[in-house]
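Me: I am new to this structure and would like to go through it step by step. Could we begin with the chain as a whole and then turn to its details?

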Amino acid sequence: MSDHLMKTYARLPVTFEKGAGSLLQDTDGKTYLDAVSGIAVCSLGHAHPAVAEAICEQSQTLIHTSNLYQVANQQALADRLTDLSGMDRVFFCNSGAEANETALKIARKYGHEQGIENPAVIVMENSFHGRTLATLSATGNSKVHEGFTPLVEGFIRVPYDDIEAVKAHSQNTNIVAILVEPVQGEGGVHVPQDNYLTELRALCDAHNWLLMIDEIQTGIGRTGKWFAFQHESITPDVMTLAKALGNGVPIGACLAKGKAAEVLAPGNHGTTFGGNPLACAAGLAVLNAMTVHNHIDHVAKKGELLLQRFKEALANIDGVVQIRGKGYMIGIQLDRPCGELVTQALQKGLLINVTRTDTVRLLPAFVMTAEQTDQLVNELTQLIKAFLAQPANA
């Protein structure tokens with residue numbers, strides 16, 4: 001372990017050197033079933049052949065030129081994403097935080113163009129939007145705020161999945177947008193009521209606000225649709241993507257529609273690396289593989305079955321508060337902090353994640369086999385049952 005890395009992560013004591021599909025192998029040759037997928041990034045699994053080939057081929061011709069010039073792969077990826085989403089324009093960047101920064105700048109400029117001196121954005125409690133100062137300020141978790149005040153102003157926080165709480169601010173003339181996750185991922189995999197986004201869309205239409213949907217964790221098939229907003233019959237004004245778009249190659253995107261798509265002009269925003277030929281080649285390969293192998297329908301069907309299997313396996317177990325999920329995005333909330341389950345699972349060759357201290361979060365790759373699914377359900381439920389059988393303060 002290097003002493004020269006900043007201590008920004010509490011890393012687990014393992015180093016991986018290669019992977020294939022849903023499996024990873026460490027430097028000692030031990031194999032692990034990965035049910036985290038690089039935090040919803042490697043949805044197509046590790047070392048996906050088509051993505052690897054696209055990266056290899058592109059790296060041998062052109063990696064970077066900058067956005068001073070036309071970039072063919074960027075234009076092709078923008079065409080694919082707008083076709084899949086119904087959006088109009090795309091700004092490419094390098095991460096989810098950058099994509100959300102772009103969305104927030106669109107909201108601010110949109111407000112100023114209407115003569116609003118102090119534009120405000122409604123955001124949700126328990127949310128997560130990134131770790132830059134603006135996206136950290138938008139995030140609804142006080143723990144990530146600690147040590148970084150003063151926060152960026154202009155955010156109004158309301159409870160998630162509470163339409164009346166949003167309506168209570170409808171007379172505030174400074175509000176210009178709502179920023180919301182269609183499923184809260186870092187917040188513990190909270191799935192809102194079926195018509196939540198539809199009602200938010202109606203409020204935005206009524207008050208001339210922008211509806212901005214953070215699909216960084218849910219986008220590119222994670223919930224059983226290309227984008228989670230497609231579970232309802234609406235289209236946002238702004239949508240942000242990252243994570244699974246590159247299957248491990250850093251790439252982010254902010255998509256906009258209608259009036260929101262025309263807000264930013266030359267000089268308003270930019271990036272050195274965003275949308276370079278290499279990253280966009282990876283993005284195109286991901287979308288092609290998702291389409292060819294029909295992963296969207298697979299995740300919709302198998303995700304529902306996986307959720308049901310966990311509910312059945314953990315039914316009537318004291319200490320299991322709730323099991324939630326949509327597609328291949330599952331949260332198992334316990335009645336106590338359960339971070340130690342991550343280390344216990346690691347010892348058994350299983351990679352899981354715990355978020356909000358008490359919720360086991362699963363984000364498996366779409367290529368997980370039936371046998372690997374059995375392994376995940378059986379081994380994790382055994383670990384949870386053994387953990388809950390101990391005294392809560394043990």
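Reply: Contact here means that heavy atoms lie within 4.5 Å. The model is a predicted one, and among its contacts between residues at least 6 apart in sequence, those that join residues at least 24 apart make up 71%.

Me: How many helices and strands are there in the chain, and how compact is it for its 394 residues?
Reply: The chain holds 12 helices and 15 strands. The globule rule gives 21 Å for 394 residues, and the radius of gyration of the chain is close to that value, so the chain is as compact as a globular protein of that length. Its C-alpha atoms fill a box of roughly 60 × 55 × 45 Å along the principal axes, and the radius of gyration itself is 21 Å.

Me: In what order do the four strands of the open sheet stand, and which are the edge strands?
Reply: The pairing in this open sheet is mixed, and the order of its four strands is S1-S2-S3-S13. Within it, strand S2 (residues 23-26) and strand S3 (residues 31-34) run antiparallel and are joined by three bridges, with Leu24 having Tyr32 in S3 as its bridge partner. An edge strand pairs on one side only, and this holds for strand S1 (16-20) and strand S13 (350-351).

Me: Which strands pair with S15 in the antiparallel sense, and what is the bridge partner of Gly331 in S15?
Reply: Strand S14 (residues 353-355) pairs with S15 over three bridges in the antiparallel sense, and there Val354 stands opposite Val360. Strand S12 (residues 330-334) also pairs with S15 in the antiparallel sense, over four bridges. In that pairing, the partner of Gly331 is Arg361.

Me: Are the residues on the two faces of strand S15 buried or exposed?
Reply: Strand S15 covers residues 359-362, with Thr359 and Arg361 on one side and Val360 and Leu362 on the other. Both faces are covered, and these four residues are all buried.

Me: How many aromatic pairs are there, and why is the pair of Tyr160 and Tyr196 edge-to-face?
Reply: The count of aromatic pairs comes to four. The ring centres of Tyr160 and Tyr196 are 5.3 Å apart and their planes stand at 75°, and an angle over 60 degrees counts as edge-to-face. This pair links distant parts of the chain, 36 residues apart, with Tyr160 in the loop between strand S6 (155-158) and helix H7 (163-167) and Tyr196 in helix H8 (residues 196-207). The planes at 75° are therefore what makes the pair edge-to-face.

Me: Are Tyr160 and Tyr196 buried or exposed?
Reply: Buried means a relative accessible area under 20%. Tyr160 has 14% and is therefore buried. Tyr196, at 0% relative accessibility, also counts as buried.

Me: Where does Ile220 lie in the chain, and what is its phi?
Reply: Most residues other than glycine have a negative phi. Ile220 is found in the loop between strand S8 (210-214) and strand S9 (238-241), and at 2% relative accessibility it counts as buried. Although Ile220 is not a glycine, its phi is positive, at about 65°.

Me: Is the peptide bond from Thr149 to Pro150 cis or trans?
Reply: Most peptide bonds are trans. Pro150 has its place in the loop between helix H6 (142-145) and S6. With omega near 5°, the bond from Thr149 to Pro150 is cis.

Key: Residues are numbered from 1 along each chain as its sequence is written. This is a predicted model: local features need pLDDT of at least 70, side-chain atom pairs count only at pLDDT 80 or more; totals for chains, interfaces and linings use all residues. Side-chain values use heavy atoms; hydrogens and water are left out. Two strands pair if DSSP finds at least two bridges between them. Rings of Phe, Tyr and Trp (its six-membered ring) pair if their centres lie within 6.5 Å; planes under 30 degrees apart count as stacked, over 60 as edge-to-face and the rest as tilted. Buried means under 20% relative accessible area, exposed over 50%, partly exposed in between (1.4 Å probe, protein chains only). The radius of gyration is taken over C-alpha atoms; the globule rule is 2.2 Å times the number of residues to the power 0.38.
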